[in-house]
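The text starts at the ligand and then turns to the domains and a sheet.

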Amino acid sequence: MERLKTKQVRVGDDLLIGGGAPIVVQTMCNTHTSDVQASLAQCRRLAAAGAQMIRLTVPGLQDVPALKEIHRSLREEGCKVPLVADIHFSSDTAIECAKVVEKVRINPGNFHPDHETARRKFAEFLRVCKEHGTAVRVGLNHGSLGKYITELYGNTPFAMAKAAMEWLDMCVEEDFFNVVVSLKASNTVVMVQAYRELVKMMQESGNVFPLHVGVTEAGNGDAGRIKSCVGIASLLREGIGDTIRVSLTEDPEKEIPVAAYLAKYFSTETIAERNPLLDAAIEWGPRLLDREIDEIPESAGLGEYLRDEIMQAARRRFYRPEYIACPGCGRTMYRLEDTFEEVKRRTSHLKGMVIAVMGCIVNGPGEMADADWGYVGEGGGRVSIYRRGEPVLRHVPDSEAIDKLLELIEAG
Ligand code: SF4
């Protein structure tokens with residue numbers, strides 16, 4: 001398999017993405033960035049586990065000093081792993097972070113509510129990035145494309161690629177090429193189609209930027225790993241993907257071995273110790289997703305559980321509910337991992353239903369656009385319950401929220 005030829009992006013002094021560089025493995029802290037000590041400790045653990053880039057959420061300008069302190073302390077200790085600021089809903093915060101860390105991720109769907117102002121602010125942001133040598137990720141998500149784009153093209157893979165192209169064209173206009181792009185979705189089919197559309201459009205435009213690939217809100221456990229492998233491997237096997245993140249609703253340290261395995265699998269390196277679960281997802285998932293086969297043959301010797309999970313991750317057959325769960329980040333408002341486990345335990349009989357468990361009210365509702373039901377942390381020990389994108393109960397104490405969710409589902 002030949003890798004897609006892309007431009008090369010430099011993050012910090014040493015890290016290269018795309019342009020023939022090895023696939024870069026990255027992850028994201030789930031600490032509150034304002035808690036400098038906890039964030040620092042997690043960054044150290046992630047770097048030791050092999051993360052080549054670490055992202056931290058920066059909810060607003062008030063959090064920039066904490067980011068600065070984390071960055072300064074890590075460099076002082078000799079840890080050189082580039083840091084990425086993750087920005088939603090605040091173009092001014094993106095501009096300030098560009099002066100502090102090696103890379104900034106922005107989400108075009110929420111960079112600024114007014115489209116023309118968003119374009120103007122983005123040009124200003126790129127000028128600051130250029131001045132400071134900061135790399136950028138234009139990171140779109142299926143659930144948060146913004147009204148401007150969905151009114152034109154619907155909430156489709158094509159719309160995702162079109163939206164990305166608008167922002168990449170702005171980079172070209174500003175003569176800014178240190179940019180990586182991502183189009184994530186929780187639905188593996190949507191995600192794979194969106195990246196393929198984007199690659200076609202970039203090739204036609206003559207500027208192919210490196211791609212950050214991932215399945216967002218993949219969940220946890222075997223299911224989260226399998227879903228991530230199916231989506232990511234579908235693209236890596238055709239040479240698409242220069243940096244990857246496996247998003248799990250678990251400690252982010254646990255994401256790294258899975259991402260590293262995928263990166264190795266699609267390189268010339270030998271894998272010393274095989275992982276049968278990941279191997280099966282990587283081998284069979286993409287073929288199912290692309291409809292090259294309709295079933296995993298009995299002769300593969302996988303057993304029913306693994307076959308069912310891979311079929312579901314490739315969206316070919318649903319044998320249990322489909323869960324969408326964010327990995328959690330510095331915006332998370334409650335004990336996400338435990339809550340998600342309990343929701344899974346109590347809804348396991350609802351085959352085919354799509355149930356989302358999201359860490360915050362800022363991004364959660366948009367990102368779970370596909371879900372029949374959603375459990376969203378509001379903060380202050382309260383939860384909102386959503387049905388098909390609309391809130392049906394707000395401010396429910398979290399001790400009662402799972403019961404209320406179950407009652408509502410049962411009432412239909
Ligand atoms: S939805 Fe989850 S991962 Fe996304 S910003 Fe909110 S808490 Fe963070």
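Which of the 13 residues around the ligand come nearest? They are C326, C329, G359, C360 and N363, where a residue is near a molecule if its C-beta atom, placed from the backbone, lies within 6 Å of it. By type, the shell holds six nonpolar, five polar and two charged residues; Ala, Val, Leu, Ile, Met, Phe, Trp, Tyr, Cys and Pro count as nonpolar, Asp, Glu, Lys and Arg as charged, and the others, Gly among them, as polar.

This is a predicted model, in which local features need pLDDT of at least 70 and side-chain atom pairs count only at pLDDT 80 or more, while totals for chains, interfaces and linings use all residues. Residues are numbered from 1 along each chain as its sequence is written.

The chain is assigned domain 1 (9-214) and domain 2 (322-411), with bounds from an automatic or database domain assignment. Their C-alpha centres are 26 Å apart. In domain 1, 19 residues are in contact with 14 residues of domain 2 (C-beta atoms, placed from the backbone, within 7 Å). That side of domain 1 has five nonpolar, 13 polar and one charged residue.

An open sheet of five strands has the order 11-12-13-14-15, with mixed pairing. Strands pair if DSSP finds at least two bridges between them; strands (E, at least two residues) and helices (H or I, at least four) are DSSP runs, numbered from the N terminus. Strand 11 (322-325) and strand 15 (390-397) are the edges. Strand 13 (residues 373-379) and strand 14 (residues 382-387) run antiparallel, joined by six bridges, and G377 stands opposite V383 in strand 14.

How values were computed: Contact = placed C-beta atoms within 7 Å.
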